[in-house]
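My entries are kept brief.

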Amino acid sequence: MNIELNFSENIAAMKIDGILNSENAHLLQEKLNEVMQSDAKLLELDLLDCRNISSTGIGKILLFYKDFISKGGDIEVVRSSNSVYELFSMLKLNQLFTVNLG
Amino acid sequence: MANKGRLLIVDDSISVVNSLQTILSLSGYSVDSAFNGSDALRKIYRQDYDVVICDIEMPGLTGLEFLARVRKEFDRSLDVILMTGYMEHDYFIEAIRLGANDFIRKPIDTKKMINSIQELLYRKKSIQDNEALYSKLEEVGVSLKVSALNFGSLSFSSIFNKHLKERFKVNPDALNELMVCLDEMIYNAFIHGTLELDLEDRVLDHEKLQKCISERLKEPQIAARSISISAEIDNQTQMIQLCVEDEGPGFDFEKWLNTSFPEPILGLQEHGRGLSLLKHLSAELNFAKEGRQVSIRKSLTHPGKYAP
């Protein structure tokens with residue numbers, strides 16, 4: 001699993017490749033902490049090459065989301081693989097923030 | 001001379017291609033050639049090769065771009081050896097990241113090249129023999145019992161991923177889902193079942209969670225616990241049954257079954273998200289032994305809830 005994080009003005013762009021699971025979810029948490037401590041108001045998640053996410057990874061995203069919206073931020077999944085899109089729909093994450101396929 | 005393997009040489013230099021083609025053909029290989037990356041990709045689409053030997057510096061599609069396309073569009077069983085006149089650190093790292101199998105420095109030492117090809121072909125044959133053996137067995141099973149004290153240091157996803165990929169033809173999407181299911185089952189068995197951590201503990205940051213886990217493992221009753229993992233594959237149906245059992249107090253799975261289906265409502269502090277995910281990704285999800293044992297059945301050939 002690999003995570004790239006770039007900042008541009010008030011946008012944090014994060015690209016996650018591979019499988020996000022309980023063994024590597026702490027790496028995501030570190031990156032999300034960076035976003036939280038920045039001036040970013042929007043986190044754009046690129047999950048096109050993310051092959052799947054376990055509930056630990058989902059939990060990290062949700063905890064971040066809760067804190068991020070309380071400081072006026074928002075999340076958008078700009079691209080997602082079929083499996084991640086299905087998973088987010090099944091867990092109703094698309095009711096919390098925009099989730100785009102492909 | 002018997003054909004030892006099918007090779008594709010890719011280089012924009014006609015003299016390099018011709019000399020390698022002659023040497024490798026004389027060594028018993030069936031050799032084809034291409035003078036640029038695009039031509040090589042077209043050939044790979046049309047024919048199976050065992051090893052591709054490709055120059056890094058080529059006009060048009062470079063060797064690294066070619067390698068990236070091969071890894072994206074074909075499976076990793078196609079071995080690629082890269083040839084280069086220099087070994088720039090950045091190129092080397094990038095090539096490893098992209099999945100190069102070996103490197104040959106130019107001017108080419110043909111003995112080293114043949115050794116490299118032989119090693120790759122030997123490894124491929126051993127994988128194919130393994131696949132053939134396991135496909136002939138009606139059922140294949142593996143079971144492990146691991147002490148809680150050793151649990152945190154092992155990556156079971158990596159172990160099972162490697163085991164399955166080397167021995168069975170598994171659909172890549174099904175394999176990804178299977179690894180997520182295994183991760184869910186093992187994480188649940190360790191964090192909830194064995195350590196009995198509650199929600200507040202689980203949402204701690206990594207360092208604090210690790211400290212919390214170490215503290216729990218100092219308690220003799222918890223340190224004495226083990227987790228059992230078993231996997232059984234039925235070759236007839238191409239279904240795998242994964243079962244994980246802990247020695248903790250269990251949980252009220254009937255309550256969860258009654259409250260979570262068919263709509264897994266999402267809340268920020270919601271429990272049971274991992275179980276919903278297991279249900280979503282497997283053909284069957286079962287509980288036993290008062291919730292201490294969780295098992296799933298899942299297809300190796302199709303993603304999702306498919307069952308033959």
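This is a predicted model: local features need pLDDT of at least 70, side-chain atom pairs count only at pLDDT 80 or more; totals for chains, interfaces and linings use all residues.

Residues are numbered from 1 along each chain as its sequence is written, and chains are lettered from A, ligands numbered from 1, in the order in which they are written.

Domains. I looked up chain B and found domain 1 (6–135) and domain 2 (139–299), with bounds from an automatic or database domain assignment. Their C-alpha centres lie 40 Å apart. Five residues of domain 1 and six residues of domain 2 make the contact (C-beta atoms, placed from the backbone, within 7 Å).

Chain contact. I recorded 21 residues from chain B and 21 residues from chain A. On the side of chain B, α8 (172–194) and α13 (273–281) each supply at least two residues; helices (H or I, at least four residues) and strands (E, at least two) are DSSP runs numbered from the N terminus. The largest share, eight residues, comes from α8(B).

Sheet. I traced five strands of chain B in an open antiparallel sheet, ordered β6-β7-β8-β10-β9; strands pair if DSSP finds at least two bridges between them. β6 (139–147) and β9 (284–288) of chain B are at the edges with a single partner strand each, so one side of each has no neighbour in the sheet. I then followed β6(B) to β7 (226–234) of chain B, an antiparallel pairing over nine bridges. B:Ser143 stands opposite B:Ser230 in β7(B).

How values were computed:
Two residues are in contact if their C-beta atoms, placed from the backbone, lie within 7 Å.
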